[in-house]
Amino acid sequence: MTRYLLKRFVGALLVLLVLSVAVYALFYLVPGDPARLACGERCSTQQVTQVRERLGLDASVVTQYGHFLQGIVAGRDYSTGTAVLHCDAPCLGFSYRTDQQVTQLLGERLPATLSLALGAMVIWLVIGVGTGLLSALRRGGITERALTVLTLAGTGMPVFILGLLLLMAVCAYLRWLPFPSYVPLTQDPEQWAWNLLLPWLTLGFYESAKYARLTRSSTLETLAEDHIRTFRAYGVGERAVVGRHALRGAVPPVIALNANDLGTVVGGAVLTETLFGIPGIGKTLVDAVRMVDMPVVVGVVLVTGTAVVLANVVADLLYAAADRRVALL
């Protein structure tokens, strides 16, 4: 197990290194001059040149990438022309529009995104895994058909449309809830939960369709294996067969899928956050793209990739815990 953990840790570091190269390449492949974007459209050529020197954009690409990595690992100093500003690690630079550290900006937005992601994850796992398991156990019956229709509806309906329908039905017509307005958990836990209920349901129901299909297929595949038939032949109860053996075989694929989805949502559920006005990373990305604020865009992309990598590392550990044979690979 120790060797398995070490391999996964080294692999994660290598993936993050490759990710940093790709993200920094994005910074240079985007149309436009970074110095001009940082200075503004009304800056003179001389002012743009000064900004380029202050940001270190006049050095070679390799040198600039080295400074980029240095900022992430140990922090970095930026010159304003009259003073030197220190950006603490992990430093992703300063926003062109607000002059705020990107890491500080994303850190302020991260709690809202985590609130949305974790709550939605609970819903999509409960609905998706429960629906898929019930559909597999009721194969061929009217229950399976009804659940299949529900799953197809969740797959085919865009999250933006689903969110609008929930807003119209729950807030506008039935008036069971006021229109959502994000409230931090530390400020009022009850209002935090009520205002995130519709976003949770929207994102959770949309994502649950994938888990229902995956759980159903994995459970049916496991139930058809020889050892399951042997347990049944020896008179083992159906509840024990399903709970202890069939479900355990169906869990690993769900763990892997959940890691990718959770990492992606933590990186920003763009449509859901924009629709419900949640001040999270996804909405920050939309605003940064609209204003061509490249340091923020690069920071969001890097945070998203890091979240996916870390989520997959945790998934590998859970996968190994669910099936000890994995650690021997």
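**Aromatic pairs and a pocket**

Start with W124: at 0% relative accessibility it counts as buried, where buried means under 20% relative accessible area with a 1.4 Å probe, protein chains only. Y211 is also at 0% and counts as buried.

A word on the source. This is a predicted model, with local features needing pLDDT of at least 70, side-chain atom pairs counting only at pLDDT 80 or more, and totals for chains, interfaces and linings using all residues. Residues are numbered from 1 along each chain as its sequence is written, and side-chain values use heavy atoms, leaving out hydrogens and water.

Now the rings. Phe, Tyr and Trp rings (six-membered ring for Trp) pair if their centres lie within 6.5 Å; planes under 30 degrees apart are stacked, over 60 edge-to-face, the rest tilted. That rule gives five aromatic pairs. W124 and Y211 are stacked, 6.0 Å centre to centre with 15° between the planes. W124 sits in helix 5 and Y211 in helix 8 (residues 189–223), so this pair ties together parts 87 residues apart in sequence. Helices here are DSSP runs (H or I, at least four residues), numbered from the N terminus.

Next, W192 and W200. They are edge-to-face: 5.4 Å between centres, 75° between planes. Both are buried. Ring pairs also link Y24, Y65 and F68 into a cluster.

Last, the lining of the second largest pocket. Which helix gives the most to it? Helix 13, with five residues. The lining divides into 15 nonpolar, four polar and no charged residues. Nonpolar covers Ala, Val, Leu, Ile, Met, Phe, Trp, Tyr, Cys and Pro; charged is Asp, Glu, Lys and Arg; the others, Gly among them, are polar. A pocket is an open set of points on a 1 Å grid over the protein atoms alone, where a 1.4 Å probe fits, with protein on both sides within 12 Å along at least five of seven lines; lining residues have an atom within 4 Å of a point.

Terms used: Helices (H or I, at least four residues) and strands (E, at least two) are DSSP runs, numbered from the N terminus. Buried means under 20% relative accessible area, exposed over 50%, partly exposed in between (1.4 Å probe, protein chains only).
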